[in-house]
Amino acid sequence: MAAAPAAAGSGAGRGRRAAATVAAWGGWGGRPRPGNILLQLRQGQLTGRGLVRAVQFTETFLAERDKQSKWSGIPQLLLKLYATSHLHSDFIECQNILKEISPLLSMEAMAFVTEERKLTQETTYPNTYIFDLFGGVDLLVEILMRPTISIRGQKLKISDEMSKDCLSILYNTCVCTEGVTKRLAEKNDFVIFLFTLMTSKKTFLQTATLIEDILGVKKEMIRLDEVPNLSSLVSNFDQQQLANFCRILAVTISEMDTGNDDKHTLLAKNAQQKKSLSLGPSAAEINQAALLSIPGFVERLCKLATRKVSESTGTASFLQELEEWYTWLDNALVLDALMRVANEESEHNQASIVFPPPGASEENGLPHTSTRTQLPQSMKIMHEIMYKLEVLYVLCVLLMGRQRNQVHRMIAEFKLIPGLNNLFDKLIWRKHSASALVLHGHNQNCDCSPDITLKIQFLRLLQSFSDHHENKYLLLNNQELNELSAISLKANIPEVEAVLNTDRSLVCDGKRGLLTRLLQVMKKEPAESSFRFWQARAVESFLRGTTSYADQMFLLKRGLLEHILYCIVDSECKSRDVLQSYFDLLGELMKFNVDAFKRFNKYINTDAKFQVFLKQINSSLVDSNMLVRCVTLSLDRFENQVDMKDARFNKSGETIDASKMQHTHTPTPAVGIAWGERGPGGGPRGGRASERGGPCAH
């Protein structure tokens with residue numbers, strides 16, 4: 001090893017390169033020290049000084065060292081890539097080199113994602129790690145951003161195919177090598193630039209996936225109003241692209257998590273909210289306003305959310321996206337789910353989809369398929385579910401934002417609720433096979449499967465839509481609205497003004513409205529179901545606000561009170577979150593309503609049942625305090641009412657046997673606590689399940 005590495009430059013540059021090489025080899029004539037080069041490269045990345053890129057080594061030196069360390073020739077390829085990617089290059093040779101690098105990283109990333117990778121020994125270095133260590137990530141960022149550089153007034157251009165290769169390699173490196181995603185997130189100009197790459201359909205999926213990962217670790221939320229030509233970018237998306245874009249929007253319009261809510265009191269949260277208001281709108285609120293200013297944005301989301309499976313993208317374009325998923329690792333879990341249901345159905349229908357190895361495709365870029373092959377219906381449904389998940393989340397967040405009233409008007413105008421009502425049985429709450437679909441890396445008790453997550457997101461949307469807003473009556477159909485009017489007329493009380501003002505052309509059609517459909521599935525839900533919490537929250541939101549006797553009676557007539565009591569008493573529910581949601585719903589249902597108290601007494605008709613009910617309350621005093629307030633304030637009102645016939649909450653003037661309810665021995669709430677005072681999560685305390693996000697976040 002006495003010979004010096006071949007020179008690749010002259011003057012000072014040659015001297016610096018020779019010195020770096022000598023240091024890495026431990027001096028002229030010395031033996032190479034394993035890991036020394038990699039250690040210096042890592043230090044160079046952290047400090048910005050010393051060895052940071054493959055270009056600082058000679059090709060001869062890298063080739064010699066590669067024989068010992070088995071780097072798969074990646075440093076040499078990076079050296080060639082640097083030489084062929086200068087500003088005046090035609091990039092043809094550059095693209096050929098990228099084609100050589102890509103499979104070296106993609107197979108490793110595929111093994112990493114599918115958990116088939118065995119633990120690597122410390123003496124071997126994964127390809128993605130070597131690629132990043134020798135400056136590959138920074139070099140690809142420079143290549144991608146070449147179009148931002150102008151030479152003599154003309155901007156450089158690189159092909160979509162080359163951009164696609166760069167994005168794929170970057171993503172594979174992010175998957176396998178810790179810290180790469182965070183470093184990219186710190187390059188704010190690069191993150192903003194990535195949005196411009198979504199204008200091309202060829203690079204859209206790769207770009208969107210990389211952006212989503214980067215935004216997931218970025219400390220500061222980006223502002224969408226800084227994205228060049230955001231309005232035209234989004235307006236030119238087709239429906240498929242818009243649905244995928246919602247994955248990115250989910251990160252940019254949601255308030256960033258400031259920590260564990262359970263550690264903060266409501267007083268502290270209130271102080272933080274006041275401080276935030278004094279500082280002006282947050283980045284999330286600015287992003288929401290930017291989206292709402294895009295013509296037709298909400299309308300297109302409503303169309304996506306209510307689109308039937310038969311109206312979804314044709315077989316050819318869907319197969320093209322599946323091929324992208326086949327080679328694009330972010331969607332590997334989704335592909336697992338899609339291919340499983342496809343294979344199950346193909347066994348019965350004797351129809352299958354044959355996917356070629358990566359890179360082997362027809363001239364049109366689609367996988368090889370038989371002319372007789374038809375896309376299984378179950379795969380179409382799963383495809384549509386994955387889209388609707390993202391769209392419903394974005395609509396839900398917009399409904400809770402500063403522009404809530406504006407979003408409410410748009411959603412009503414574009415008939416989101418009637419559309420969801422029409423999809424309820426066939427898609428949202430459809431019956432699926434007994435073998436529950438479980439995504440790769442999850443188990444059957446996990447709430448992350450597409451079917452389950454769609455149901456939960458749907459229920460959260462209903463909760464946000466109904467909460468303290470007169471548009472909640474759009475959840476009913478014309479016959480049910482007439483029923484509300486009849487209840488008010490029979491009780492000799494004024495009809496609710498919001499019911500009178502409801503535009504009948506925007507309500508649900510069919511035999512049942514969306515609220516009634518929800519009540520039906522709620523009563524059929526198994527005792528251990530995770531949906532019970534969300535269903536109770538959605539129904540409770542319909543009752544929130546000014547007490548409406550007609551609304552309460554509408555639900556009482558459908559057996560809701562008996563169902564709640566059955567779950568609390570007879571099934572002896574153990575879930576803290578479900579119990580709290582049932583106690584809150586029971587409180588809203590019984591609030592100042594003598595008929596509800598009579599129904600309660602009729603159901604809790606034995607001392608044994610009443611003792612079980614008291615036990616449930618006493619074991620969850622914090623969770624049941626809304627119900628305790630209801631009982632205390634309602635009994636006080638009943639006992640002090642001068643003329644019960646004139647009370648809008650009572651239709652008959654009959655008194656009730658309140659002796660049972662007075663035996664609870666629960667403390668009377670303080671006078672200063674008004675009924676309906678709630679925390680940010682919809683309840684009297686912070687950190688409830690709806691605030692914590694509900695389904696597990698893997």
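Of the 698 residues in this chain, 53% count as buried. Keep in mind that we're looking at a predicted model. The secondary structure comes to 33 helices and two strands. Among contacts with a separation of 6 or more, 78% are between residues 24 or more positions apart.

Most residues other than glycine have a negative phi. Phe 592 counts as buried, because its 14% relative accessibility falls under the 20% cut-off.

Next stop is His 408, which you'll find in helix 20 (residues 404-413). His 408 counts as buried because its relative accessibility is 0%, under the 20% limit. So which residues does His 408 touch, leaving aside those up to four places away in sequence? They are Leu 399, Ser 464, Phe 465, His 469 and Asn 471.

On to the rings. The chain has ten aromatic pairs. One of them is Phe 204 with Phe 237, an edge-to-face pair with 5.3 Å from centre to centre and 70° between the planes. That pair links distant parts of the chain, since its partners are 33 residues apart: Phe 204 belongs to helix 11 (residues 201-217), while Phe 237 is in the loop between helix 12 (230-235) and helix 13 (239-252). Phe 204 and Phe 237 are both buried. They also belong to one aromatic cluster, together with Phe 195 and Phe 245.

Finally, two lysines sit over aromatic rings. Lys 455 lies over the face of Trp 429, and the charged end of Lys 472 is over the ring of Phe 542. Here are the distances:

| Lysine | Ring | Distance to ring centre |
|---|---|---|
| Lys 455 | Trp 429 | 5.5 Å |
| Lys 472 | Phe 542 | 5.0 Å |

Conventions. Residues are numbered from 1 along each chain as its sequence is written. This is a predicted model: local features need pLDDT of at least 70, side-chain atom pairs count only at pLDDT 80 or more; totals for chains, interfaces and linings use all residues. Side-chain values use heavy atoms; hydrogens and water are left out. Helices (H or I, at least four residues) and strands (E, at least two) are DSSP runs, numbered from the N terminus. Buried means under 20% relative accessible area, exposed over 50%, partly exposed in between (1.4 Å probe, protein chains only). Contact means heavy atoms within 4.5 Å. Rings of Phe, Tyr and Trp (its six-membered ring) pair if their centres lie within 6.5 Å; planes under 30 degrees apart count as stacked, over 60 as edge-to-face and the rest as tilted. A charge sits over a ring if NZ of Lys or CZ of Arg is within 6 Å of the ring centre and within 35 degrees of the ring normal.
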